[in-house]
Amino acid sequence: MEIRRSKTAIGFLTILGMSGAAIGGLGAGGELRPGDPTPETWRGHDRASPVLAWVFRGEDCLSCLTPAYDLRRFQAKYGDKLTLWTVSVEDRKNMAFPFLRQERIEAVHRSLDMDSYHHAFARTELPALYLSFRDTIRGLWRPRSNGGGGVAGPNPTVRDMVAELMARAGYRD
Amino acid sequence: MRALTRATLACAGAFAACGDDDSRMTTLAAETSSPTASLTEVVDVLGEIHVEENDRVINVAPISFDDTDGGFLIADLKESQVRLYRRDGHLRAVAGGPGDGPGEFRSPVVVHRLPDGRLVTGDFVDARLTVFSAAADSVLDTQNPPLFPLYNALPLSSERLLLAGRQPGALSSPLLHVWNLSSEEIEASFLSVPVPPELAATALSLGFVGLDTRADTLYATFSLSDTLYAFGLGESPPRPLGKVPIPIRGFRVFAPEQDVRGSVEARQRWLSRLTPIQAVHAMPHSFLVLFGEAQGPENLWHWIHFARNGAPLFELRDGGQVLTTRGDTIFFIDSREMVPNRWKFGVLRPR
């Protein structure tokens, strides 16, 4: 697996306003994928407990197919024990904040333009939900319908993986 | 007292992607309009209710209905859940969750207590009805009226529900139906879609029906019509009693000028220019009608208050979501609060 220094980590460093070395790691093809090492700038944040990052475009806020249902559940269950980031890309109409408020999602949120996004996430298709833990990308999901054209329902895989990783991080119900 | 939510508007917009054709713009406007007002000018706030939440219950898109003991029944479209609350906001019971199994929901938009104590819920997407025990702790029955979608419902008796929905595949489908819970049949259908032909396709994808009753009269609104329809409930099917123009300022409904099926942003641009009627509350001496305006992912709730004879009383922009009314008291989520578990209640000031 190719480990390369890139502007990716710098981009995310800028996005999230974090400190740390800008040494990133992306998978083959330039996309973050499950099993890839977590970019350096994530590492200080996902070492103790998982990080869940929802990356989306402004227009995705208009869709019924978002992971909002799961994110609310995780927040209610784990509180600040689970780090949640939201990153909006090309949010030209500033839809992200009203959307997050309406969906009752409280997260560290940043916006970035497409160039910065490509630096941070290469060409990873949007929207995407990343799960990172102990320096490794553990999961990458797309939103999905609950099958009826309504709001997106829960994703059991996300729920189970978050529960498993939270348990490994020492969280107990 | 029934109110569709911003979530419903958003998802109705999503449905628009599946069914709209290009057609020319049509704007309907009332001949009279109401003076605009601010919230503090029109409402004496009497108190607040903090609706209980926990790690399983989060109010995101609550639609409120009255329980017989003064409490509240909540259908939450985004949480696929129904809840029973005491009048002080204490959580009594929770039912549902996302799914297609018995007792699960896709997008519940209505929950009522039947006169015999049972609870009945209705799902927007597949029009599925679920009958629960009085405490919502067991599922007694599920039924599938031949409608798509289901906009609203009202109990007429323990055996009969008034359903607001479309019969699939029919542009001219009646909107209101008397559903027999015992025979599981539609006994009567009435109220043809009240829009001109050029809005028929739009009405298919952007139609909500507001319903309320007072005494033995049923009041209904349709999202694309600035008219209030009244029916006598003493006969089957309910007998038309008349219509009242809603004195709404700047009522805007029209078909999209281009095909919006392939573009979320184009669809949103179209939706943001509409002000569809979303709910009606029949108060003792007046009507309170809510109409919406999409702003990005949010929906602004505008209020129009008018007398029984149609005389305008006030129009309030962005007043917040009115959850229910009881006599002269209204329960609402103040748009400035933006927290759907913190409700206010008060009375409308005389004007």
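**Entry 1. Salt bridges**

I began with Arg273(B) and Glu257(B), whose side chains meet in a salt bridge at 2.9 Å, N to O. I count as a salt bridge a side-chain nitrogen of Lys or Arg within 4 Å of a carboxyl oxygen of Asp or Glu. The pair links distant parts of the chain, 16 residues apart: Arg273(B) lies in the loop between H4 and E19 of chain B, and Glu257(B) in the loop between strand E18 (239–245) and H4 of chain B. Helices (H or I, at least four residues) and strands (E, at least two) are DSSP runs, numbered from the N terminus. Arg273(B) is partly exposed, because its relative accessibility is 35%; buried means under 20% relative accessible area, exposed over 50%, and partly exposed in between (1.4 Å probe, protein chains only).

I note that this is a predicted model, in which local features need pLDDT of at least 70 and side-chain atom pairs count only at pLDDT 80 or more, while totals for chains, interfaces and linings use all residues. Residues are numbered from 1 along each chain as its sequence is written, chains are lettered from A and ligands numbered from 1 in the order in which they are written, and side-chain values use heavy atoms, with hydrogens and water left out.

I then looked up other pairs. Over all chains the structure holds 27 salt bridges. Arg106(B) and Asp100(B) form one at 2.7 Å, N to O; Arg106(B) is buried at 17% relative accessible area, whereas Asp100(B) is partly exposed at 43%. In the salt bridge of Glu315(B) with Arg317(B), the closest N and O atoms are 3.1 Å apart. Here Glu315(B) is buried at 0% and Arg317(B) partly exposed at 34%. I also found a network of salt bridges linking Arg72(A), Arg73(A) and Glu103(A) with Lys78(B) and Glu79(B).

**Entry 2. Thr275(B)**

I located Thr275(B) in the loop between helix H4 (264–271) and strand E19 (277–282) of chain B. Thr275(B) counts as buried because its relative accessibility is 1%. A polar atom of the Thr275(B) side chain lies 2.7 Å from the backbone nitrogen of Arg252(B). Beyond neighbours within four places in sequence, Thr275(B) is in contact (heavy atoms within 4.5 Å) with residues including Phe251(B), Arg252(B) and Phe291(B).

**Entry 3. Strands of chain B**

I traced an open sheet of 5 strands, ordered E1-E22-E21-E20-E19 in chain B, with mixed pairing. Strand E1 (36–37) and E19 are its edge strands, each pairing on one side only. Two strands pair if DSSP finds at least two bridges between them. Strands E20 (residues 286–295) and E21 (residues 298–307) run antiparallel and are joined by 10 bridges; Val289(B) stands opposite Ile304(B) in E21(B).

I also checked the hairpin of E9(B) and E10(B), which has 6 residues between the strands; in this hairpin Ala136(B) takes a positive phi near 65°. Phe132(B) has Val139(B) in E10(B) as its bridge partner.

I turned last to the nonpolar cores, sets of buried Ala, Val, Leu, Ile, Met, Phe, Trp, Tyr and Cys residues joined through side-chain atoms within 4.5 Å. In the largest, of 78 residues, Leu176(B) and Leu211(B) touch the most other members. A second, separate core of 24 residues includes Phe74(A), Leu82(A), Leu100(A) and Val158(A).

Notes:
Polar contact = N/O pair within 3.5 Å; in protein donor to acceptor, adjacent residues only side chain to side chain.
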